[in-house]
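Subject: Structure handover

Hello,

Here is the structure I said I would pass on. My notes on it follow below the entry.

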Amino acid sequence: MSGRAAETGKDLDDLDAATCEEDLPALPGDPPTISAYREGTYCFATSSGGIGAFRVTSHLSISDIPSSLAVQVVLWE
């Protein structure tokens, strides 16, 4: 993991690699915590230099312990 990831307020369909990279921290940090209990869109950098984004699409109750999670993923190379 590159340590570069951030939540974005944009819709997955409105993102491209350049826009997503603008939302990322310039330097690696601690791996971000991403909650599976709320929907959201996140940008990330791969350890090989790629840029991607994913959206959590599962809507889970806080009392549920998920055995799986639905996400949409885009990876630009």
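F44 has G52 as its bridge partner in strand 3. The model is a predicted one, and this pair belongs to the contact between strand 2 and strand 3, which pair in the antiparallel sense over 6 bridges. The hairpin of these two strands has 5 residues between them, and there G49 takes a positive phi near 95°.

Strand 3 covers residues 51-56, and on its way to strand 4 there are again bridges to list: 6 join strand 3 to strand 4, and the two run antiparallel. Within that pairing, F54 has V73 of strand 4 as its bridge partner, and V56 stands opposite V71 of strand 4. Strand 3 itself is mostly covered, with 5 of its 6 residues buried.

The 4 strands form an open sheet in the order 1-2-3-4, with antiparallel pairing. Its edge strands are strand 1 (5-8) and strand 4, each of which pairs on one side only. Neighbouring strands of the sheet are turned by 20° against each other on average, direction ignored.

From the N terminus on, the elements run β-α-β-β-β. Of the 77 residues in the protein chain, 34% are buried.

V73 lies in strand 4, residues 71-76. Is V73 buried or exposed? V73 has a relative accessible area of 53%, which is over 50%, so V73 counts as exposed. Together with L69 and V71, V73 forms a nonpolar patch on the surface, and the three have about 240 Å² of accessible area together.

The disulfide

The count of disulfides comes to 1. The bond joins C20 to C43, with an S to S distance of 1.9 Å. C20 sits in helix 1 (residues 17-23) and C43 in strand 2 (residues 40-45), so the pair, 23 residues apart, links distant parts of the chain. The torsion about the S-S bond of C20 and C43 is about -120°, and therefore the disulfide is left-handed. How accessible are the two cysteines, C20 and C43? C20 has a relative accessible area of 0% and is buried; C43, at 0% relative accessibility, counts as buried as well. The cut-off behind both calls is under 20% relative accessible area.

The salt bridge

The count of salt bridges comes to 1. Which side chains meet in the salt bridge? The side chains are those of D23 and K10, at 3.3 Å from N to O. D23 belongs to helix 1, whereas K10 is in the loop between strand 1 and helix 1; the two are 13 residues apart and link distant parts of the chain. D23 counts as partly exposed at 25% relative accessibility, and K10 is also partly exposed, with a relative accessible area of 34%.

Regards

Methods
Residues are numbered from 1 along each chain as its sequence is written. This is a predicted model: local features need pLDDT of at least 70, side-chain atom pairs count only at pLDDT 80 or more; totals for chains, interfaces and linings use all residues. Side-chain values use heavy atoms; hydrogens and water are left out. Patches are made of residues with over 30% relative accessible area and no salt bridge: like charges are joined within 9 Å, nonpolar side chains (Val, Leu, Ile, Met, Phe, Trp, Tyr) within 5 Å. Accessible areas come from the Shrake-Rupley method with a 1.4 Å probe; for residues, only the protein chains shown count as cover. A salt bridge is a side-chain nitrogen of Lys or Arg within 4 Å of a carboxyl oxygen of Asp or Glu. Buried means under 20% relative accessible area, exposed over 50%, partly exposed in between (1.4 Å probe, protein chains only). Two strands pair if DSSP finds at least two bridges between them. Axes are lines fitted to C-alpha atoms, for helices over the stretch in contact, and angles run from 0 to 180 degrees between N-to-C directions. A disulfide is a pair of cysteine sulfur atoms within 2.5 Å.
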